[in-house]
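Subject: Structure handover

Hello,

Here is the structure for you to take over. Please open it first, then read the notes below.

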Amino acid sequence: MARFPLPALPSRLLDLEVADVPRRGAPTAVLVPAAPEPVEIAGIRHPGKTGEVREAAGPVRWVVGIGDGAPKDWRAAGAALVRAIEEDPVRTAQVELGGEVRGEDVAEFATGALLGGYRFKVSAEGAKPGLQTLRLLTPYERAIPEYEELLGRVRGLAEAATLARDLANTPSNIKNPAWLADTAERVAGGQPGLQATIRDERWLADQGFGGVLAVGGGSVSPPRLIELTYRPRGSSRHLLLVGKGITFDTGGLSIKPAAGMHLMRTDMAGGAAVIAATRAIAAARLPVRVTALVPAAENHVSGSSYRPGDVVRHYGGITTEVSNTDAEGRMVLADALVYGIRRFRPDAVVDVATLTGAMKVALGTRTGGLFATDDDLAQRLLAAGERVGEAWWRMPLLEAHADAVRGELADVRQAPGGPGAVTAALFLREFVDGMPWAHLDIAGPARAESTYADVVPGATGFAARTLVELAASYA
């Protein structure tokens, strides 16, 4: 890969400035709300439709619609503007905010601008020069400190989403479990108070991580357990975050169809969100203790692959009867959940995974599924997602299907059929020992095939911002 270097990781974000004085010579964008009749600005008639950018000639170069001014409208406008500017060889641009713009509007617009222009491409040409600085112009000098403080928080959230995207987008001929572990250790190293410990296959075997070893047994790239710990002084709450880290998923012996398998480089998007969120929590110095675990493995096909019908003993002793080797995510999460709960004794547990196609069918590609045993934790996650622009829908842990995951040949059955996302969550519940726990199934929104709002095709970084905001809710 020397001839085709990876993009810088983490990706560099756009610089945002706040000022009350325009920069001479810098092209300007003007924002227009939706109106019954198009508004004429700089010779351009614009209806104010959300995210619609029309180009003008002169000092005002772009006219951007902000629709009804809802948070999603501001995010979409920021993203659309940055993408439009990328079409021009412009290094610095500025946006007139107007006197009626609120701080929360600025934050949403900035979120869209920071994430909407994201690009990840492995190319011999390297990154092309583009927009580097976006200057936000307010008519009120007194508003500058407030806006700058808001932008600092927004930038931290955008950095988390961007790092999660970078990790998930990295191609799997580079991103094996060892690479993911080494990269997590590297990006954690620059944050005071954040420590990374990497467990190799020998440690996993000694400790009895049967699920991780079974899933990773078919690959020449051995599995890893990534362990990040953040212990700030004075913390009164302790969160355990667990993320699925399958660096490539063929489905194993229950092999996937060829169509779509190339997308399985993003099957560790849950682990990416957990790594990125933990780094952002430490960077923000939130007074909440966080332990993050990412069981990383490659689910491959070989003579040493685990088989349907196998019985696997997890960390802690629970045994699982394997039904489908493509239901590998729950196998590695089970080990990590038991280990994390017994070893660290947290106050609450959240796992994140691209776990089931059933969840994608149920909620589509823009909403994550949330299962929880604790109402307070569920509400915190829903509220956190709403604040950062990530949509979640609480799903039921249907007790009518609880017996389905109980095994005959082993303690539990891995994939008993029925409502797939529900039974997967019920399977994981067997490993949380009554702890307040939430399971986030992001199989739908973790990847995107098209551009919308602040999302571009590829990995989306979904869930990273929600996890950071969840930790902030405890602070």
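A salt bridge here is a side-chain nitrogen of Lys or Arg within 4 Å of a carboxyl oxygen of Asp or Glu. Keep that in mind for Arg12, Asp15, Arg155 and Glu159, which are linked in a network of such bridges. Please note that this is a predicted model.

Salt bridges

How many salt bridges does a search of the whole structure find? It finds 29. Side chains of opposite charge can pair when their charged atoms come close.

Take Glu328 and Lys244. Their closest N and O atoms are 3.1 Å apart. Glu328 sits in the loop between strand 15 (319–321) and helix 8 (329–344), while Lys244 sits in the loop between strand 11 (238–243) and strand 12, so the pair ties together parts that are 84 residues apart in sequence. Both Glu328 and Lys244 are buried.

Next come Asp454 and Arg465. Their side chains meet in a salt bridge at 3.9 Å, N to O. Asp454 belongs to the loop between strand 21 (447–448) and strand 22 (458–459), and Arg465 to helix 12 (residues 464–474), so this pair ties together parts that are eleven residues apart in sequence. Asp454 is buried, with a relative accessible area of 6%. Arg465 also counts as buried, at 6% relative accessibility.

Then there is Asp310 with Arg307. Their closest N and O atoms are 3.2 Å apart. Is Asp310 buried or exposed? Asp310 is buried, because its relative accessible area is 17% and buried means under 20%. Arg307 is partly exposed, with a relative accessible area of 45%.

Strand 7 (residues 92–96) and strand 8 (residues 133–137) run parallel and are joined by five bridges. Ala93 stands opposite Leu134 in strand 8.

Phe371 lies in strand 17 (residues 367–372). Phe371 counts as buried, at 0% relative accessibility. What does Phe371 touch, leaving aside residues up to four places away in sequence? Its contacts are Met359, Met395, Pro396, Leu397, Ala421, Val422, Ala425, Trp437, Ala438 and His439. The C-alpha atoms of Phe371 and Val350 are separated by 9.8 Å, and the two residues are 21 residues apart along the chain.

Helix 11 (residues 420–429) is mostly covered, with eight of its ten residues buried. Among the buried residues of helix 11 are Ala421, Val422 and Ala425, and Phe371 touches these three.

A surface patch

Leu253, Ile255 and Val301 make a nonpolar surface patch of about 250 Å². Leu253 lies in the loop between strand 12 (245–249) and helix 7 (269–283). Leu253 is partly exposed, with a relative accessible area of 40%.

Over to you.

Definitions and conventions: Residues are numbered from 1 along each chain as its sequence is written. This is a predicted model: local features need pLDDT of at least 70, side-chain atom pairs count only at pLDDT 80 or more; totals for chains, interfaces and linings use all residues. Side-chain values use heavy atoms; hydrogens and water are left out. Patches are made of residues with over 30% relative accessible area and no salt bridge: like charges are joined within 9 Å, nonpolar side chains (Val, Leu, Ile, Met, Phe, Trp, Tyr) within 5 Å. Accessible areas come from the Shrake-Rupley method with a 1.4 Å probe; for residues, only the protein chains shown count as cover. Helices (H or I, at least four residues) and strands (E, at least two) are DSSP runs, numbered from the N terminus. Buried means under 20% relative accessible area, exposed over 50%, partly exposed in between (1.4 Å probe, protein chains only). Two strands pair if DSSP finds at least two bridges between them. Contact means heavy atoms within 4.5 Å.
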